[in-house]
Amino acid sequence: MSETLAQSFVRYIHEDLRQIKQPHFDIAWRLREAKQLNYAEELGYANIYELSEIEFGFKKSSTAAYIAIAETFMDSHMHVEAEWQQYSYSQLVEMLALDPYDRTRINPEMTIKQLRKYKQDHKFVTLENGDYVMYGELNDKQKAAYADFKERQKEEKQSVQTSGQENVEAAVTNLQDFDKNLTVTSSGPVAKSSLLRLRNKAEREQFLDGYKLWGVWLSVPELDLICYKYKFANGDELVVTESYCYCSDCYNDDKKVLQVRYHLRDNDKRNFFDLSGTAKTYVLEYMTNKSKEI
């Protein structure tokens, strides 16, 4: 049976990665093509980022950079466009954040350090007084004041995130250590099954995404914390926690967002609750390997 185009794509990138000098542009072009042709879905993955992480060990940021390089600097025939052929892959990655005009001002002889300084100097920033200025136009005293302002902002947000996360971890780890004023409630027996009999990746993902059907195992209203727990037939346990944290993005300085974390206790390898959470891809892999036991 001949391999499909999607299977060939995986094989080609594995071959690329085995080369001493990895052909980054070839990898970039292949990943863009895989995204355009939905190879990830064909191979049973949720998206190109999950495929790249599991198959090649790429972080999401690396995959995104590869695809952006191909979309921005390469043609449809696996070649870097003539205008950018003098630049290295690392240089082009740094140049992704620049607008088209600023890219034309980057010299191929510039080091990565010089390129990053150019990016920093031409970045617009908001000062403590509300002024919106180009960083490179600030004098040394203004730069020091801006750095101090950003550090204070970072510490304030970390304080909010850390205090909230510490409370969440305490809730999951040891209920007896809670402040007596907290309302810790449980909703009865933990969901469990003799055997799930999930036949493929899609059904396993549907099971994980439907964790609310298990029923609430634990809730702490004062912390906006809700926990759902499932006990597999082999005795292993999976806890899903819902909590909130504050994060920053380009549009919201203090955005309250829902965090969903999986916490797998596998008696073979992970006989403990990882409070930072277990990667969903790991849980799916566990469910695949243990399909006859859970």
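The model is predicted: local features need pLDDT of at least 70, side-chain atom pairs count only at pLDDT 80 or more, and totals for chains, interfaces and linings use all residues. Residues are numbered from 1 along each chain as its sequence is written, and side-chain values use heavy atoms, without hydrogens and water.

Begin with the entire protein, coloured by secondary structure. There are 11 helices and 7 strands, taken as DSSP runs numbered from the N terminus (helices: H or I, at least four residues; strands: E, at least two). Of its 294 residues, 35% are buried (under 20% relative accessible area; exposed is over 50%, partly exposed in between; 1.4 Å probe, protein chains only). Among contacts (heavy atoms within 4.5 Å) with a separation of 6 or more, 45% join residues 24 or more positions apart.

Next, select helix 5, residues 60-73. Its 14 residues should span 20 Å at 1.5 Å a residue, and the end C-alpha atoms are 20 Å apart, which agrees; the expected span is 1.5 Å times one less than the number of residues. Show the side chains of T63, A65, Y66, I67, I69, A70 and F73, the buried residues of this helix. They pack against helix 2 (24-36), helix 4 (48-56), helix 6 (89-95) and helix 7 (100-103).

Finally, select V260 in strand 7 (residues 255-265). V260 is partly exposed, with a relative accessible area of 35%.
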